[in-house]
Amino acid sequence: MPTARRASVLRLDPPPASSSPSPASPRATPRPVDALDHHFALEVPRVFSEAERAALVAGVRAARAEWTADFGGEQFSLGRAFYTHLEQGRSRVYFADAAASDARVERHLPGLQRRMRELVAALTGGLAQPRRGFCGPGVHIFPAGEKVAREGGVVHFDTEGLSDYHLARRLRAITVVVMLELPDADGGLKLWDVLYDGRDDPGDEARSARSLVAGYSPGGALVIDSYRLHQIQPFPGDRDRISATVHAAEIDSGRWETWF
């Protein structure tokens with residue numbers, strides 16, 4: 001099972017600058033995303049300023065009536081998330097509501113989806129475009145006191161949205177999470193030195209591999225290889241864990257598709 005060379009998180013400070021290379025001649029210089037071959041994750045501080053972060057959190061809370069409830073209210077989202085709908089047998093609802101989902105996110109969090117795609121472009125040195133038919137970047141809300149807060153999230157890989165073609169060729173795919181509201185304590189992301197090998201359910205051997213817990217900073221991002229085994233950690237207190245997420249897959253050299 002392939003592993004990272006260093007059990008570490010690489011901090012990109014200052015954050016990478018966005019650019020727009022042409023698909024015919026992608027950037028030849030090293031891309032920040034390539035560091036994921038050697039590190040468990042990348043940390044990108046200050047994706048959103050404190051004022052921007054606070055405004056986004058206020059927008060999420062003001063949109064409470066339009067949150068999507070998943071797994072019986074264990075978690076919520078603003079904008080529909082593919083993996084939750086897939087696991088609940090609601091994929092048709094996800095695709096049927098994709099345009100309306102993006103409209104809801106833009107109405108309550110103007111510019112969020114654009115900024116998340118710009119971050120993907122900066123990390124990859126390529127073009128980041130919406131994935132046709134899928135929902136764009138959105139927000140996860142994990143309520144204080146609920147199952148994830150008490151027990152942590154499911155141990156998993158972020159491979160649900162990748163095509164069989166993509167998986168078979170192990171083409172590059174990343175998950176970018178920007179923390180909008182930290183819980184009172186903990187709630188980091190545990191990362192294992194384990195990459196997806198075709199099995200969705202990791203066994204005891206995988207869970208016993210070396211690992212680390214990466215923390216978040218308010219308004220900052222963690223970037224992981226979508227093939228890396230990971231888990232949201234439990235968190236105490238009365239504050240919800242609120243984060244913006246975008247998944248991205250390189251479908252051609254220098255060209256990436258994004259979704260939520």
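Colleague: What should I know about the model before we start?
Modeller: This is a predicted model, in which local features need pLDDT of at least 70 and side-chain atom pairs count only at pLDDT 80 or more, while totals for chains, interfaces and linings use all residues. Residues are numbered from 1 along each chain as its sequence is written, and side-chain values use heavy atoms, with hydrogens and water left out.

Colleague: How many helices and strands are there in the protein chain?
Modeller: The protein chain has eight helices and 13 strands, taken as DSSP runs (helices H or I, at least four residues; strands E, at least two) and numbered from the N terminus. The radius of gyration, taken over C-alpha atoms, is 17 Å, close to the 18 Å that the globule rule (2.2 Å times the number of residues to the power 0.38) gives for 260 residues, so the chain is as compact as a globular protein of that length.

Colleague: And what share of the residues is buried?
Modeller: Buried residues, meaning those under 20% relative accessible area with a 1.4 Å probe and protein chains only, make up 53% of the 260 residues.

Colleague: Switching to pockets, what volume does the largest one have?
Modeller: The largest pocket has a volume of about 710 Å³, where a pocket is an open set of points on a 1 Å grid over the protein atoms alone, with protein on both sides within 12 Å along at least five of seven lines, and lining residues have an atom within 4 Å of a point. The volume is the space filled by probe spheres set on the points, which are joined across faces, edges and corners.

Colleague: Which residues are closest to its centre?
Modeller: Of the 35 lining residues, the closest to the centre of the largest pocket are Tyr83, Val154, His156, Asp158 and Glu160. Strand β12 gives the most to this lining, with four residues.

Colleague: What about the largest cavity, how much space lies in it?
Modeller: About 100 Å³ lies in the largest cavity, a cavity being a set of points where a 1.4 Å probe fits but cannot get out. Its lining includes Tyr83, His140, Asp158, Glu160 and His247.

Colleague: Last one, where is Arg117, and which residues does it touch?
Modeller: Arg117 is in helix α5 (residues 112–124). Leaving out residues up to four places away in sequence, Arg117 touches Ala128, Gln129, Pro130, Pro137 and Thr258, with contact meaning heavy atoms within 4.5 Å.

Terms used: Buried < 20%, exposed > 50% of the residue type's maximum accessible area, 1.4 Å probe, protein only.
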